[in-house]
Amino acid sequence: MSKVRISHLLKMKQAGEKLTAVTAYDASFSKLFHENGVEVMLIGDSLGMVLHGADTTLGVSIDDIAYHTHAVRNGAKDAFVIADMPFMSYPDPDTAGFNAAELMRAGANMVKMEGGEWLVDTVQHLTRQGIPVCAHLGLLPQQVHVIGGYRVQGKDPEQADKLINEGLQLQAAGAQLLVVECIPSSLGKRFSEALDIPVIGIGAGPDTDGQILVMHDMLGMNAEYLPKFTRNFLIGNDCLAEAVQSYVAAVKNGSFPGPEHSFS
């Protein structure tokens, strides 16, 4: 696969071509994913749970994300790499800029932050500093204690409208991608129709512009719990490369996610 840039992802949305994303944490897997058709890799703060064995993502530090971003970039020089801004690394625009710069120096093309309207000033600040931003709405794992657990968001019309409005505000502030997590399929479709930037879903139904999964879920490595919105793509395939190709093909042809992976 050739070098992936944000302009490439925007053209995919405009052409109606689904984009694929997966979390990655090291050089070996990032190389595997990129060579088998995955356009976007996210160094997620999910590493706190899938690599460190914690119950939440809250213990992950900027140093943790930077370390794994460097490894992912070394494995896939031409991939589009997004690095998560972990818990309390962006309480204000200046702190966010300082921490985001560290992740960009480690090899990220873009940083991702969880939150809505309150992040508008921070998104504007980072964009002015030349740091591309991916916003994240819906279920926000860093706010799990505030929202009372891992619950589907945007089910009532008022909350759904609020989320759409926040997406539009973040886009206007300069965000160039949006991740939406654990929302009804109908709301995922509304996001992709309302926003000009690519919308990547996880548990957001089949009508977002792309899909992202945690690699451990996609490969059936999280044996204790498989979220409703994921699928073990290693089943029916003989090796990791075929599993990745199967995931990419299923997203591209619209067979994943299906109704069984989505929320109403």
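Leaving aside neighbours within four places in sequence, F191 is in contact (heavy atoms within 4.5 Å) with L137, L163, I164, G167, L178, V180, I183 and V199. The model is a predicted one, so to speak of local features a pLDDT of at least 70 is needed, side-chain atom pairs count only at pLDDT 80 or more, and totals for chains, interfaces and linings use all residues. Residues are numbered from 1 along each chain as its sequence is written, and side-chain values use heavy atoms, with hydrogens and water left out.

F191 also turns up in the largest nonpolar core, which has 84 residues; F33, M85, L178, F191 and M218 are those with the most contacts inside it. Such a core is a set of buried Ala, Val, Leu, Ile, Met, Phe, Trp, Tyr and Cys residues joined through side-chain atoms within 4.5 Å; buried means under 20% relative accessible area, exposed over 50%, and partly exposed in between, with a 1.4 Å probe and protein chains only. The largest share of this core, 6 residues, is supplied by α11. Helices (H or I, at least four residues) and strands (E, at least two) are DSSP runs, numbered from the N terminus.

Next up is α1, residues 6–15, where L9, M12 and K13 are buried. These residues sit on the same side of α1 because they cover an arc of only 100 degrees around the axis, the arc being that of the directions from the helix axis to the C-beta atoms. K11, Q14 and A15, on the other side of α1, are exposed. The buried residues of α1 pack against β1 (19–23), β2 (40–43), β3 (80–84), β6 (177–181), α9 (185–194) and α11 (240–253). Just after α1 comes G16, with a positive phi of about 75 degrees.

Two helix pairs are worth a look. The axes of α4 (residues 62–75) and α5 (residues 93–105) come within 8 Å and cross at roughly 20 degrees. Axes here are lines fitted to C-alpha atoms, for helices over the stretch in contact, and angles run from 0 to 180 degrees between N-to-C directions. α4 and α5 are therefore roughly parallel to each other; angles under 35 degrees count as roughly parallel, over 145 as roughly antiparallel, 65 to 115 as roughly perpendicular and the rest as oblique. On the α4 side, I62, D63, I65, A66 and T69 meet N99, E102 and L103 of α5.

For α6 (residues 120–128) and α8 (residues 157–173), the axes come within 8 Å and cross at roughly 25 degrees, which makes α6 roughly parallel to α8. Here V120, V123, Q124 and T127 in α6 meet Q169, L170 and A173 in α8. Not counting residues up to four places away in sequence, H125 touches P93 and D94.

Most residues other than glycine have a negative phi, and most peptide bonds are trans. M88, in the loop between β3 and α5, has a positive phi near 65 degrees and is exposed, with a relative accessible area of 56%. C182, in the loop between β6 and α9, has a positive phi of about 50 degrees, but counts as buried at 6% relative accessibility. Finally, a cis peptide bond joins F256 and P257, with omega about 0 degrees, and P257 lies in the segment after α11.
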